[in-house]
Amino acid sequence: MVKVRVKLFAVLADAVGTKELVIDLSKEKVKVRDVLDYIRSRYPKFREVEKNVPILMLVNGINVLPDNEVKDGDEVSFLPPVSGGS
Amino acid sequence: MAPELSPGEALTLSDKEKVRYSRQIMIFGEEGQKKLKSSRVAVIGVGGLGSASSTYLAAAGVGKLVLVDKDVVELDNLNRQVLHWTRDIGRLKVESAAEKLRELNPEIEVEGIAMEVNEDTIYDIIKEVDVVVDGLDNWSTRVVVNKACVKLRKPFVHAGVHGLYGQLTVIIPYESPCLQCIVPLIGTKPKSGTFPVLGTTPAILATIQAQEVIKLITGYGRPLIGKLLIFDGTTTTFTTIEVRRREECPVCGKPST
């Protein structure tokens, strides 16, 4: 069992309706990808938003890739770096 | 720690320049002002971000500004691209911007280049400047500019905006994470189309970009290197997070030598 705190920023927080989630994943080995999938499966709006923005993933404040492992008690953050400017 | 930039030889400041810049000379001295005067900065994209960053860089006395943008001014630009006015609709953005910047500060040189930014065109521009400022509106072009800045070892001051959100970081190639370290999956997403934006959002981010450029050039303060600033205008919140280089980054991950 892996319990993680998830922090969401900007449009990702808007999509989920909160800036913070605590989730339990009943798996031995959990990757960032699993945390994302958990959110995607429960918050369809997150999937929609994700189509338009890349996601910056952090585990305990360090930028990582989807295949990075997540341990019990870790803090996982998802930020949507935005692309506009003109 | 600010990197050592290598602007040209120290120039002298005229009496008029000493008056024009007197309030900021109180901060970083005439030496800092001379560094600004001898520096060359490229602003890639003269839209919402570029309008504000280039205005403050011009006012601060950056010796040469190179503006790059292929587009012409359109009516729906005017809520945020404040260097372009109603009378400018239909004009090249680089012409419209350069005209105002020269009027704002005749002491500096402003060059406008109307061209599309791609792998073939951007290297010649970036190799001639000391710092590159992000005024772009999509990831795919940013990926190209990020790579060119890394390869040519030029500081790249990134910002992006959407609605009332934005982010910003200062990239020092091979020292701090490049854009592709921070957002590894960029470049795989399609080019974004029309996006919502309140004019104040790019202005807030772009004035910080200009400030970071001035800090890099003068050596004053600590630029936002290795950190990402996240701005949420809906709650007026600034969050700074540390970001790290990735060894496996396809752009800057290999040894620098």
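This is a predicted model: local features need pLDDT of at least 70, side-chain atom pairs count only at pLDDT 80 or more; totals for chains, interfaces and linings use all residues.
Residues are numbered from 1 along each chain as its sequence is written, and chains are lettered from A and ligands numbered from 1 in the order in which they are written.

Chain B holds 8 helices and 8 strands, taken as DSSP runs (helices H or I, at least four residues; strands E, at least two) and numbered from the N terminus. Its radius of gyration is 17 Å, close to the 18 Å given by the globule rule for 257 residues, so chain B is as compact as a globular protein of that length. The radius is taken over C-alpha atoms, and the rule is 2.2 Å times the number of residues to the power 0.38. The C-alpha trace of chain B spans about 50 × 45 × 40 Å along its principal axes. Of its 257 residues, 51% count as buried; a residue is buried if 20 or more other C-beta atoms lie within 10 Å of its own, exposed if 12 or fewer, and partly exposed in between, with C-beta atoms placed from the backbone. Contacts require C-beta atoms, placed from the backbone, to lie within 7 Å. Among the contacts in chain B with a separation of 6 or more, 71% join residues 24 or more positions apart.

Strand S1 of chain B (residues 40-44) is mostly covered, with 4 of its 5 residues buried. Strands pair if DSSP finds at least two bridges between them. S1(B) pairs in the parallel sense with strand S2 (residues 64-68) of chain B over 5 bridges, and with strand S4 (residues 131-134) of chain B, also in the parallel sense, over 4 bridges. B:Ala42 stands opposite B:Val66 in S2(B) and has B:Val132 as its bridge partner in S4(B).

S1(B), H3(B) and S2(B) form a right-handed β-α-β unit; right-handed means that, with the strands pointing away from the viewer, the path from the first strand over the helix to the second runs clockwise. Helix H3 of chain B (residues 48-60) has 13 residues and reaches 19 Å between its first and last C-alpha, close to the 18 Å expected at 1.5 Å a residue. The expected span is 1.5 Å times one less than the number of residues. In H3(B), 11 of the 13 residues are buried, including B:Leu49, B:Ala52 and B:Leu57. The helix is followed by B:Gly61, whose phi is positive, near 95°.

B:Val251 lies in the segment after strand S8 (237-242) of chain B. B:Val251 counts as buried because it has 21 C-beta neighbours inside 10 Å. Leaving out residues up to four places away in sequence, B:Val251 touches B:Asn146, B:Lys147, B:Val150, B:Cys178 and B:Gln180.

The contact between the chains takes 18 residues from chain A and 34 residues from chain B. On the side of chain A that touches chain B, helix H1 (10-16), strand S4 (56-59) and strand S5 (62-64) of chain A each supply at least two residues. This side has 11 nonpolar, 7 polar and no charged residues. Ala, Val, Leu, Ile, Met, Phe, Trp, Tyr, Cys and Pro count as nonpolar, Asp, Glu, Lys and Arg as charged, and the others, Gly among them, as polar.

Notes
Two residues are in contact if their C-beta atoms, placed from the backbone, lie within 7 Å.
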